[in-house]
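Q: Please take a close look at one part of this structure: its aromatic rings. How do they pair, and where do they sit?

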Amino acid sequence: MFLAFPDFNIYSTPLLILVIQGLIFAFLLFRRYLKERYIADLFIVLLLVITAYHRTTYTVGFMGWYDTFRNTKINYYLVNFGITIGPLIYFYTRSLVQPNFKFKRVHLWHFFPTLLLVIFDAVILIHDMQQPGFDDVQNGEWYLKYNMQLFPMLFEAIQYTSYLLYFAFTIQLFYNYKKKIEQFFSNTYKVELNWIRNFLAVYIFLIAYGYGQQIVEIFTDLDYKDRWWVNLFSAIAVVYLGIKAYFTDLSKLYGLTFNFSPDTVVENTPEQDFTREKKKIANFFNEEKPYLNPDITLPELAKALKMGTNELSQVINAGFKMNFNDFINKYRIAEVKESMLDPKNGHLSLLAIAYDSGFNSKATFNRVFKKFTNTSPSQYLTDQKLKTS
């Protein structure tokens, strides 16, 4: 018996190693939560632990647990917390995009279905433990009847409905936040939540793959080795999310505050051309070049111009017909184009010129340059040289 379990093979070993690594980062994130009290860390810890916990069945299964311990009762303690994933993803995202977010007692209702499921599984365990012959079987009467026959499809339907609803809420939060920061920040790559985009993409992939597997099983039987892949992808995801969540610096997000709603400002702006204000801003940009500061924000610019934040946003949105991010980057692109054609800068790389012009990310520079010119920086430079030759 000792030699039969654990069986370290090509199926069990990757799952075991990856899950343990993921749990290590969950522990580190939890320790950081205890120290810094950022609620987002607690939500990601719960997501990592639950995702890793769901790998238990297949990890110990491939290690030979079920073959060695034929009457094991482990299935009774492996509660499916899938219905908890959606709310946790939503609250993790919300805790990042709403800096003043506080988890309140009323929010616990989002996890009430999970409590019902735990109670349901506890009732089944208590009933089956009282039945004669329980010690001689792996799964008792009610477990076989309810958990394996009557309710599995119902639970799956509720779970995937929960995923869809909470993902819809979460994606709406993400895009509303992204739209808002473009009204405040000139370089958004640090604060546009690339991390949350990747975080959501990982869980969308895992849920879509799992759902696709359920559909396939309607038409054909999949054995436990076929189901190994979704567990492998999930275990990899635990490690990736754990590493990224721990090492991605989100401290700037916790300190962001938005003093007004950009949508409200734009919608309530009276019809006027802002001629005087536009001239004032244009002169200031030509003389002071504030766009060269890679971290310039709307409030900082408003202070330098001795204007109110609301007033400046109105002028940029209604007067110049663009958001703050595009407005600043338009000047940066003009600076880049002028610098790259200046013979004095022939020794500089395009990236160096971009940094000198106010960009602080190669990816952002390339994206913005293509947005304004419909071509890449290198192709633009080549085309301009051909025109002048």
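A: What follows goes through the ring pairs, then the core and the charges over rings. The model is predicted. It holds 52 aromatic pairs.

Start with Tyr166 and Phe169. Their ring centres are 6.1 Å apart and their planes stand at 90°. Planes over 60 degrees apart count as edge-to-face, so this pair is edge-to-face. Both residues lie in helix α9 (residues 152–181), three residues apart, about one turn of the helix. Tyr166 counts as buried, at 14% relative accessibility. Phe169 counts as partly exposed, at 41%.

Now take Phe285 and Tyr331. Here the centres are 4.6 Å apart and the planes are at 40°, so the pair is tilted. Phe285 belongs to helix α14 (residues 275–288) and Tyr331 to helix α17 (residues 324–340), so the pair ties together parts 46 residues apart in sequence. Phe285 is buried, at 1% relative accessibility. Tyr331 is buried too, with a relative accessible area of 19%.

Ring pairs also build a cluster. It links Tyr11, Tyr58, Phe62, Phe205, Tyr209, Tyr224, Trp228, Trp229 and Phe233.

Next, the core. The largest nonpolar core has 72 residues; Phe285 is among those that touch the most other members, as are Tyr92, Trp195, Phe199 and Tyr203. Leaving aside neighbours within four places in sequence, Tyr92 contacts Ala40, Phe43, Ile44, Trp195, Phe199 and Leu250. Another core, of 11 residues, lies apart and includes Phe365.

Charges meet rings as well. The charged end of Lys278 sits over the ring of Phe320, 5.4 Å from its centre. That of Arg332 sits over the ring of Phe359, 5.8 Å from its centre.

Terms used:
Residues numbered from 1 in each chain as written. Predicted model: local features only at pLDDT ≥ 70, side-chain atom pairs only at ≥ 80, totals over all residues. Heavy atoms only, no water. Core = buried A, V, L, I, M, F, W, Y, C linked by side-chain atoms within 4.5 Å. Buried < 20%, exposed > 50% of the residue type's maximum accessible area, 1.4 Å probe, protein only. Contact = heavy atoms within 4.5 Å. Phe/Tyr/Trp six-rings, centres within 6.5 Å; stacked < 30°, edge-to-face > 60°. Helix = DSSP H or I, 4+ residues; strand = E, 2+ residues; numbered from the N terminus. Lys NZ or Arg CZ within 6 Å of the ring centre and 35° of its normal.
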